[in-house]
Amino acid sequence: MTLTLDPPRYELSDLDALEAEAIFIMREVAAELERPVLLFSGGKDSIVLLRLAEKAFRPGRFPFPIMHIDTGHNFSEAVEFRDRRVAELGERLIVGYVQDDIDAGRSREETGPRASRNRLQTTTLLRMIDEHGFDAAFGGARRDEEKARAKERVLSFRDDFGQWDPKNQRPELWSLYNGRIRKGEHIRAFPISNWTEMDVWQYIQREELEVPSIYFAHHRKVFRRDGMLLGVGPVTEPKDGEEVFEELVRYRTVGDMSCTGAVVSSAATIDEIITEVAATRITERGATRADDKFSEAAMEDRKREGYF
């Protein structure tokens, strides 16, 4: 009798496959480009990026610094988390301040009840990339967030002025990435481009990652504007006729306070957030970002200017 043994089968879960793809992209970019940087805002997507970087490069230090473009109007909970998390990792944090560009006359602060510094981040981001000579910037953008991001490639090339041309993108077939650039160009690399919001939360759950407290339900004074719930604060003050009330809310994104809305929610744990995300039919940006509602092509217009 001949004894035969079935070969072992190795099957990756969906999260394992996404993780492996993201780590491959990070290692490829770190190997092909000379001066990468990882963008970190303290939000859930960039928290996942940090975890992936740990898996890609530990036990050594990251082969790039971490950078945040601070509008000065960010949620304090996210900024506190940013500083603490980077310190725990023992990595180098670079912060580019939008206020510096306003003071220098390179950016003009918007005025009016719907004024926001979100768009002003582009000037500061491009300045920091140029000053530090970065040729690649890792970002946590995902295709399921918004239609302009849906058609952007994993390696997104930016010209000498930081501009993205959606009609002039390089093909990415069979996970082959071309990181060659000319002097003056740089790339934005999106390792979790193929992830969904649900994937991000399930990965945070699996890896037991800490996130800022504003992702969980809490009582906050809010008012309604343009169909969104904005938290009352020094940069988001209600106008005449806008009623202030207290609501149990949480944030699905942690962008600039002036354009980031909250959602009514009682989700106080990661498990409850996952259940909530499974039931929603609106993306987190569609539900909570006023800057995406200025026009049908708001995000694409910002990206053409050099936005994240």
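**Entry 1. Ser175 and its loop**

I looked up Ser175 in this predicted model and found a relative accessible area of 38%, so the residue counts as partly exposed. Ser175 sits in the loop between E5 and E6. I noted its phi, which is near 60° and therefore positive, in a residue that is not glycine. For reference, most residues other than glycine have a negative phi.

I then turned to Trp174, which belongs to the loop between strand E5 (155-158) and strand E6 (186-189). Trp174 has a relative accessibility of 74% and is exposed. I recorded a nonpolar patch on the surface formed by Leu173, Trp174 and Leu176, whose accessible area together is about 420 Å².

I also checked the salt bridge between Arg182 and Glu185, in which the closest N and O atoms are 3.2 Å apart. Is Arg182 buried or exposed? Arg182 is exposed, at 52% relative accessible area.

**Entry 2. H7 and the residue after it**

I examined helix H7 (197-207) and found it mostly covered, with eight of its eleven residues buried. The buried residues are Glu197, Met198, Asp199, Val200, Trp201, Tyr203, Ile204 and Glu207.

Just after H7, I found that Glu208 adopts a positive phi of about 55°, although Glu208 is not a glycine. Glu208 lies in the loop between H7 and E7. I noted 73% relative accessibility for Glu208, so this residue is exposed.

**Entry 3. His218**

I located His218 in strand E7, which covers residues 218-225. At a relative accessible area of 19%, His218 falls under the 20% cut-off and therefore counts as buried. I found a polar contact of 3.0 Å between the side chains of His218 and Arg220.

Which residues does His218 contact when its neighbours within four places in sequence are left aside? I listed Ser213, Glu247, Leu248, Val249, Arg250 and Tyr251.

**Entry 4. Arg58 to Pro59**

I checked the peptide bond from Arg58 to Pro59 and found it cis, with omega near 15°. Most peptide bonds are trans. Pro59 is placed in the loop between helix H2 (44-57) and strand E2 (66-70).

**Entry 5. Salt bridges**

How many salt bridges does a search of the whole structure find? I recorded 31.

I looked up the pair Glu19 and Lys55, whose side chains meet in a salt bridge at 2.7 Å, N to O. The pair links distant parts of the chain, with Glu19 in helix H1 (residues 14-32) and Lys55 in helix H2, 36 residues apart. Glu19 is buried, with a relative accessible area of 11%, whereas Lys55 is partly exposed at 30%.

I next took Arg84 and Glu80, which form a salt bridge with the closest N and O atoms 2.9 Å apart. Both residues lie in helix H3 (residues 76-89); because they are four residues apart, about one helical turn separates them. An α-helix has 3.6 residues a turn, so residues three or four places apart point the same way. Arg84 is partly exposed at 29% relative accessibility, and Glu80 is partly exposed at 41%.

I found the residues of these two pairs, Glu19, Lys55, Glu80 and Arg84, in one network of salt bridges. Asp16, Arg51, Glu54, Arg85, Glu88, Arg206, Glu207 and Glu210 are also linked in that network. One of these, Glu207, I had already listed among the buried residues of H7.

**Entry 6. The chain as a whole**

I counted ten helices and ten strands in the chain. The radius of gyration is 20 Å, close to the 19 Å that the globule rule gives for 308 residues, so the chain is as compact as a globular protein of that length. Along the principal axes, the C-alpha atoms fill a box of roughly 85 × 50 × 40 Å.

I noted that 54% of the 308 residues count as buried. The accessible surface of the chain comes to about 15,200 Å², and 50% of it belongs to carbon and sulfur atoms. Of the contacts between residues at least 6 apart in sequence, 72% join residues at least 24 apart.

Conventions:
Residues are numbered from 1 along each chain as its sequence is written. This is a predicted model: local features need pLDDT of at least 70, side-chain atom pairs count only at pLDDT 80 or more; totals for chains, interfaces and linings use all residues. Side-chain values use heavy atoms; hydrogens and water are left out. Helices (H or I, at least four residues) and strands (E, at least two) are DSSP runs, numbered from the N terminus. Buried means under 20% relative accessible area, exposed over 50%, partly exposed in between (1.4 Å probe, protein chains only). A polar contact is a pair of N or O atoms within 3.5 Å; within protein, one must be able to donate a hydrogen and the other to accept it, and residues adjacent in sequence count only if both atoms are side-chain atoms. Contact means heavy atoms within 4.5 Å. Patches are made of residues with over 30% relative accessible area and no salt bridge: like charges are joined within 9 Å, nonpolar side chains (Val, Leu, Ile, Met, Phe, Trp, Tyr) within 5 Å. Accessible areas come from the Shrake-Rupley method with a 1.4 Å probe; for residues, only the protein chains shown count as cover. A salt bridge is a side-chain nitrogen of Lys or Arg within 4 Å of a carboxyl oxygen of Asp or Glu. The radius of gyration is taken over C-alpha atoms; the globule rule is 2.2 Å times the number of residues to the power 0.38.
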